[in-house]
Amino acid sequence: MSDTFTGRSGPGMLIRAALPAIPGVNSLPGIKKTGVAYEELGLAREPVVLERGAVDAYAELCGFPIKDTVPLPYPHMLAFPLHMALMSSPDFPSPAMGMVHIENSISGYRPISVGEAVAVTATVGQPEPHPVGQAYRFLTVATVEGEVVWESTSTYLVRGKRNPEVTWRSDLAEVEPSGPVFPLKADLGRRYAKVAGDYNPIHLYPLTAKALGFNRQIAHGMWTKARCIAALENRLPGSVRVDVAFKKPVFLPSSVAFGSLKHLDGYDFSLHKRGSDTLHLVGRTTAL
């Protein structure tokens, strides 16, 4: 099942996503989860022209150089509203609030130029058992005039019934920090929200983060991935896959230390809390 996405990203989308988790409100028509059986849910959006101002703002915030092509993770900005709309659908079984982004894989098949019109589709299938709940994989495909130029898989965890018989393996290797170090200001989440449209309260202020169980606000996982890719950007080929697993959250403000190690087809990399064994992210690049 696939429909056309006609909404917009922003705080309103997060409010709608939160409604199914509010007692009483979650029984209202259009918000109540239907419990219908489905094989796949999907949404598509019409081609969006990648504008210079938006691309440059994202590149500057994430550490990429200003170029005539967009940073590898940038199409996720087009995909995120589709993900949120799918999670907010009455047909999607789990409330969006509480879902945790645990893994992300991006494949860029060629550089995408500023000014190109990119169409995006996103689909999600049945949940998979996870040791501490269930996981959903959201597949996003970006095309330019019918050519597939970019794909990603975002895996989200819904904590619930434990499944001790289930294993969740990853072959991503931790790399010791070797530099550079990135100092992160307290307002990073708010600045990223403006360019990405992800206004999840856990990223904005200490008060809003505490309301959802965090000591203070945390950095967006996709910002941490983007910052790591930016650190390797001048060493990556034009066709590349980048896989990451998100580990411990990055509390703001803080400083994080990057490390990378060359392997046959690319790089292994990690992000740690500066001066600590706390691991925030592990990843790998692979030439395609």
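Predicted model: local features only at pLDDT ≥ 70, side-chain atom pairs only at ≥ 80, totals over all residues.
User: Which residue takes a positive phi in the hairpin of β6 and β7?
Analyst: That's Glu145, with a phi near 50°, in a hairpin that has two residues between its strands. Residues are numbered from 1 along each chain as its sequence is written, and side-chain values use heavy atoms, with hydrogens and water left out.

User: What makes the phi of Glu145 worth a remark?
Analyst: Glu145 isn't a glycine, yet its phi is positive, about 50°. Most residues other than glycine have a negative phi. Glu145 is found in the loop between β6 and β7.

User: Why is Glu145 called exposed?
Analyst: The scale runs on relative accessible area: under 20% is buried, over 50% is exposed, and in between is partly exposed (1.4 Å probe, protein chains only). Glu145 comes out at 83%, so it counts as exposed.

User: What makes β6 a strand, and how covered is it?
Analyst: Strands are DSSP runs of E with at least two residues, and helices are runs of H or I with at least four, numbered from the N terminus. β6 covers residues 133-144, and nine of its twelve residues are buried.

User: How do you know that β6 pairs with β7?
Analyst: Two strands pair if DSSP finds at least two bridges between them. Twelve bridges join β6 to β7 (residues 147-159), and the two run antiparallel. As one example, Phe138 has Ser154 in β7 as its bridge partner.

User: Which other strands are joined to β6, and by how many bridges?
Analyst: β4 (residues 117-124) is joined to β6 by six bridges, antiparallel, with Ala122 partnered by Thr140. β5 (residues 128-130) is joined to β6 by three, also antiparallel, and Glu128 stands opposite Ala135 there. β5 and β6 form a hairpin with two residues between them.

User: Why is β11 said to be largely enclosed?
Analyst: Seven of the eight residues of β11 (residues 266-273) are buried, so the rest of the structure largely encloses this strand.

User: What are the pairings of β11?
Analyst: β10 and β11 pair in the antiparallel sense over eight bridges, with His263 opposite Gly266, and a hairpin joins β10 to β11 through two residues. On to β12 (residues 279-287): five bridges join it to β11, again antiparallel, and Ser270 stands opposite Val282. The hairpin of β11 and β12 has five residues between the strands, and Gly275 in the turn has a positive phi of about 70°.

User: Which residues line it, and what kinds are they?
Analyst: A lining residue has an atom within 4 Å of a point. There are 42 of them, and Met99, Val100, His101, Ile102 and Phe246 lie nearest the centre of the pocket. α3 gives the largest share, five residues, and β3, β7 and β9 are among the elements that supply at least two each.

User: Which domains does the lining of the largest pocket draw on?
Analyst: Domain 1 (1-169) and domain 2 (170-287) each give at least three residues; the bounds come from an automatic or database domain assignment.

User: How many disulfides are there?
Analyst: A disulfide is a pair of cysteine sulfur atoms within 2.5 Å, and the count by that rule is zero. Cys62 is at 0% relative accessibility, so it counts as buried, and Cys228 is buried with 0% too.

User: Where are the cis peptide bonds?
Analyst: One runs from Gly179 to Pro180, with omega near 0°, and Pro180 is found in the loop between β7 and β8. Another joins Leu252 and Pro253, with omega about -5°, and Pro253 is in the loop between β9 and β10.

Technical notes. 1 Å grid on protein atoms, 1.4 Å probe; cavity = no way out; pocket = protein on both sides within 12 Å on 5 of 7 lines; lining within 4 Å.
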